[in-house]
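Notebook open, one model on the screen.

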Amino acid sequence: MKKEVQKTDNGVKISFTGTVEKQNIVKMVENCATGQCECMSDETKAKVKDMQVHGKDGDVELQLSGDIDKAEIEAALKKSKVLNPQKS
């Protein structure tokens, strides 16, 4: 899976391509929205005003609105348990 993070006028856009299932990105967003994720710091979570998922399996886009920067989101993606499942 390839992840590309870009700064936008109202936040950050993440493009996921390759072996990515839309349902996994939706689950990641739901976890963040309900406070079940550990990937973002509380400070970053407070800055996110809205999260929207678009696209289909293999080509998914996640738009985050708020006063967030690219580096914060790149760090969160590296910590995501949905995107980086632990191998047993």
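Predicted model: local features only at pLDDT ≥ 70, side-chain atom pairs only at ≥ 80, totals over all residues.

**Entry 1: the cavity**

The names I wrote down are I14, M28, V29, C32, C39, M40, M51, L62, L64, I73, A76 and L77.

Then I looked up the volume, which is about 80 Å³ for the largest cavity. How many cavities of 30 Å³ or more does the count come to? The answer is one.

**Entry 2: S80, beside the lining list**

Setting aside residues up to four places away in sequence, S80 touches M28 and C39, and both M28 and C39 are on the lining list of the largest cavity. S80 itself sits in the segment after α3.

Is S80 buried or exposed? It is buried: its relative accessible area is 3%, and the cut-off for buried is under 20%.

What does the S80 side chain reach? I found the backbone nitrogen of V82 at 3.3 Å from the side chain of S80. The backbone nitrogen of L83 also came up, 3.2 Å from a polar atom of the S80 side chain.

**Entry 3: salt bridges**

How many salt bridges does the structure hold? I count three.

I took E38 and K81 to begin with. Their side chains meet in a salt bridge at 3.1 Å, N to O. This pair links distant parts of the chain, with E38 in the loop between α1 and α2 (42-47) and K81 in the segment after α3, 43 residues apart. I checked accessibility at both ends: E38 counts as exposed at 61%, and K81 counts as exposed at 54%.

Next came E43 and K47. E43 forms a salt bridge with K47, and the closest N and O atoms are 3.9 Å apart. I noted that 3.9 Å goes through because the cut-off for a salt bridge is within 4 Å. Both residues lie in helix α2, four residues apart, about one turn of the helix. E43 is exposed, with 55% relative accessible area, whereas K47 counts as partly exposed at 24%.

K47 came up again with E72. The side chains of E72 and K47 meet in a salt bridge of 3.0 Å, N to O. E72 lies in helix α3 and K47 in helix α2, so this pair ties together parts that are 25 residues apart in sequence. Putting these pairs side by side, I wrote down that E43, K47 and E72 are linked in a network of salt bridges.

**Entry 4: a closer look at E72**

Does E72 count as buried or exposed? At 17% relative accessibility, E72 counts as buried, because the cut-off is under 20%. I logged the E72 and K47 side chains as a polar contact too, at 3.0 Å. What else is E72 in contact with, leaving aside neighbours within four places in sequence? The list I got is T44, K47 and D67.

**Entry 5: D50**

Last stop, a residue in a strand. I placed D50 in strand β3 (residues 48-56). With a relative accessible area of 34%, D50 is partly exposed. A polar contact of 3.0 Å joins the D50 side chain to that of Q52.

Which residues does D50 touch, not counting those up to four places away in sequence? I found Q63, L64 and S65. L64 was already in my notes, as one of the residues that line the largest cavity. I also looked at D50 and G66, which are 16 residues apart along the chain; their C-alpha atoms are separated by 7.1 Å.

**Entry 6: recap**

The salt bridges include a network of E43, K47 and E72. S80, buried at 3%, touches M28 and C39.

How values were computed:
Residues numbered from 1 in each chain as written. Heavy atoms only, no water. 1 Å grid on protein atoms, 1.4 Å probe; cavity = no way out; pocket = protein on both sides within 12 Å on 5 of 7 lines; lining within 4 Å. Points joined across faces, edges and corners; volume = space filled by probe spheres on them. Helix = DSSP H or I, 4+ residues; strand = E, 2+ residues; numbered from the N terminus. Buried < 20%, exposed > 50% of the residue type's maximum accessible area, 1.4 Å probe, protein only. Contact = heavy atoms within 4.5 Å. Polar contact = N/O pair within 3.5 Å; in protein donor to acceptor, adjacent residues only side chain to side chain.
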